[in-house]
Amino acid sequence: MTFIIIKATPGLNTNGKILGLLEKFPDGLTVKQLSNLLNRPISMIQTCLKLLVSCQKVTVKKVIAHRNKESVLTT
């Protein structure tokens, strides 16, 4: 059995892509919107956002919309 080692492709990682999108949308984006724009699962977006919030690169703003609470992320 042979193993193939996969190397990372050059370019922005998911954290960098999230920061780039948040700069393009100054009013912020929801986790669902980020998931759709980046074609990544919500769980991956949430993991990246935990790191970005802890580094204080992203802030969370609570917005009430249609009786459901949504969190909007901004830089």
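In which loop does Q56 lie? Please take a close look at that part and tell me what comes before it in the chain.

Modeller: Happy to. One caution at the start: this is a predicted model, in which local features need pLDDT of at least 70 and side-chain atom pairs count only at pLDDT 80 or more, while totals for chains, interfaces and linings use all residues. Residues are numbered from 1 along each chain as its sequence is written, and side-chain values use heavy atoms, with hydrogens and water left out.

Now to your residue. Q56 sits in the loop between α3 and β1 (59-65). The chain has three helices and two strands, in the order α-α-α-β-β from the N terminus on. Q56 follows α3 and has a positive phi, near 60°, although Q56 is not a glycine. With a relative accessibility of 72%, Q56 counts as exposed. On that scale, buried means under 20% relative accessible area, exposed means over 50%, and partly exposed is in between, using a 1.4 Å probe and protein chains only. Of the chain's 75 residues, 29% count as buried.

Step back into helix α3, which covers residues 42-54. A helix's expected span is 1.5 Å times one less than its number of residues. The buried residues in α3 are I45, C48, L49 and L52. Looking down the axis of α3, these buried residues fall within an arc of 105°, so they line one face of the helix. The arc is taken from the directions that run from the helix axis to the C-beta atoms. An α-helix has 3.6 residues a turn, so residues three or four places apart point the same way. On the face of α3 turned away from the buried side you'll find the exposed residues T47, K50 and S54.

Next, look at what meets α3. Two packed helices are described by the angle between their axes and the distance between the axes. Here the axes are lines fitted to C-alpha atoms, for helices over the stretch in contact, and angles run from 0 to 180 degrees between N-to-C directions. The axes of α2 and α3 come within 9 Å and cross at roughly 115°. That makes α2 and α3 roughly perpendicular to each other; the cut-offs are under 35 degrees for roughly parallel, over 145 for roughly antiparallel, 65 to 115 for roughly perpendicular, and oblique for the rest. This crossing of α2 and α3 is right-handed. Right-handed means that the near helix is turned clockwise from the far one by less than a right angle, left-handed that it is turned anticlockwise. V31, K32, L34, S35 and L38 of α2 make the contact with I42, I45, Q46 and L49 of α3, contact meaning heavy atoms within 4.5 Å.

Helix α2 has its own buried set: V31, L34, S35 and L38. Seen down the axis of α2, they fall within an arc of 100°, so they too line one face of the helix.

Between these two helices is a loop that holds N39 and P41. N39 follows α2 with a positive phi, near 55°, and is exposed at 65% relative accessible area. P41 is partly exposed, at 47%. The C-alpha atoms of P41 and V31, ten residues apart along the chain, are separated by 9.8 Å.

Finally, α1 (residues 14-24) and α2 (residues 31-38) have axes that come within 11 Å and cross at roughly 115°. T14, K17, I18 and L21 of α1 meet L34, L37 and L38 of α2 there. α1 passes α2 in a right-handed crossing. Helix α1 also contains N15, which is buried at 16% relative accessible area. Leaving aside neighbours within four places in sequence, N15 is in contact with C48, L51 and L52, and that brings us back to α3, where C48 and L52 are among the buried residues.

Conventions
Helices (H or I, at least four residues) and strands (E, at least two) are DSSP runs, numbered from the N terminus.
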